[in-house]
Each structure stands twice: as C-alpha cells, then as structure tokens.
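Hi there,

Here is the structure I promised to send over. Have a look at it first, and then read on for some notes on its charged side chains.

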Amino acid sequence: MTAEKIGNGVEHLTTSGKFEIDGNSFDVDNNVWIIGDSSEVVLLDAPHDAEAIKKAVGDRNVVAILCTHSHNDHVNAAPAIAAAYDAPILLNPEDRVVWNLTYPDREPDGEIHDGETFTIGGIDLRAIHTPGHSPGSTVFYAPDIGTLFSGDTLFNGGPGATGPSYSDFSVLIEQLADKVFSLPGDTIVRTGHGDTTKVGDEAARLEEYRERGY
C-alpha cells in the first residue's frame, strides 16, 4: 500500500482491517487523507495499519491526527502514530462515548470544535460538526481547494450508516441538508470509505435518502 498524491497538498492511502461495533465485525477498507506539504502534515483519521501510514508520512512532522469520528476502524492506529510522531489525537468531545468503546483507558489529547480552522501547508480545514453517524462526527471543509473530507457522514451514493449504537438517521439527514448540501455543488467529497463524489450530486439525492430511511 502506497500513498497516492492527489495534488493540492492532498495524499490518499487505503488501509484494510475490521470495523467492530455492537458485537459485530466487518471487513472494511478505509481512506486515509494526508494533508500538508513536504515538511508537515495532518492526518484525517488513522485506521488499521500504523506502518503503512508511517511509510506514507515519512520524516515529515505530523501536526495532528484529526479524527472525523472514533469508530474503531478510524482510530485503531492513532495511538501508535501519535507516539511515533509526538502528535496529538484530536476529537470532537461529543464522540467520547464512542472513543471509550475502543480506548477506555486512553483519552484523546485535545478537542475539535465546530467552526474551528486548522491550517496546514497553506490549506485551511474548517471543522463542521455533523452528528448522526456518531455523536461527534465531524467533516472538514477546505474551501481553497474545493474539497470536503466527509469521514463517514457522507459517501458516494448515500449518507453514513446509522445502524450502530449512538447513531441517528434523522439527525444525520438534518445535518446533511443544513450544513453539507449548502456548500458549493462542485465541491469534491473525499470520503472515509470508497469513491469520491460531489456535494451537488449527493444533494440531488436527498429525498431519495429520506425515503430509504437507513
């Protein structure tokens, strides 16, 4: 597994492992988004394979691990990466109840708040709290490069799953309608799993999402 350079300061890595929730286990492939330049980066999630992530980062400084949420398949390599690079793990505090399912004895190092902006390599990442998939789910909007990093809030073809504990479909749909689909329609959506999409393409399916009710 090697990182792909997307351009505009964005690199993409895929890692594979298990998503475990409510006594169930699923095989999953996760997207890791590395944002920055040749000297420093932030990671959007740190799933499954710490060695692959470290290889992709190399000797660059990891300023922070920004968690889109804390289901185990998005954070299970985070402590190892944090230790290797002396990097803080940051999480919306509303997601602590989910974080504790995986790490009851290890707290995150700091918090992410709605509207907070992180700047790395000349790219501004604005945190937008979008609960529903989990209580603290957060997407990161980079207006200068026309990109939304959506975690599991939004995928190509539908909203994130709301079957797991601490999820809420109606809340997620409200967040998408109010906060995500108000962004420019040509905004590229880089997701937590699977292929990219665009805000406008998914906004056009909103009523379909509502009818599905998942």
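A salt bridge here is a side-chain nitrogen of Lys or Arg within 4 Å of a carboxyl oxygen of Asp or Glu. Please keep in mind that this is a predicted model. By that rule, the count comes to 6 salt bridges, and I'd like to walk you through some of them.

Let's start with Lys18 and Asp27, which form a salt bridge with their closest N and O atoms 2.5 Å apart. Lys18 counts as partly exposed because its relative accessibility is 40%, while Asp27, at 63%, counts as exposed.

Next come two pairs within helices. Glu51 and Lys54 meet through their side chains in a salt bridge, at 3.0 Å from N to O. Both residues belong to helix H1 (residues 50–57), where they sit 3 residues apart, about one turn of the helix. Glu51 is exposed, at 54% relative accessible area, and Lys54 is partly exposed, at 26%.

In helix H7 (residues 206–212), Glu207 and Arg210 are likewise 3 residues apart, about one turn of the helix. Their salt bridge has its closest N and O atoms 2.6 Å apart. Glu207 is partly exposed with a relative accessible area of 48%, and so is Arg210 with 38%.

As for annotation, an unreviewed UniProt entry places the feature "domain: Metallo-beta-lactamase" at residues 29–193. In the model, the end C-alpha atoms of that span lie 6 Å apart, and the span is 24% helix and 32% strand.

Notes
Residues numbered from 1 in each chain as written. Predicted model: local features only at pLDDT ≥ 70, side-chain atom pairs only at ≥ 80, totals over all residues. Heavy atoms only, no water. UniProt positions renumbered as here; feature names shortened; annotations may be inferred. Helix = DSSP H or I, 4+ residues; strand = E, 2+ residues; numbered from the N terminus. Buried < 20%, exposed > 50% of the residue type's maximum accessible area, 1.4 Å probe, protein only.
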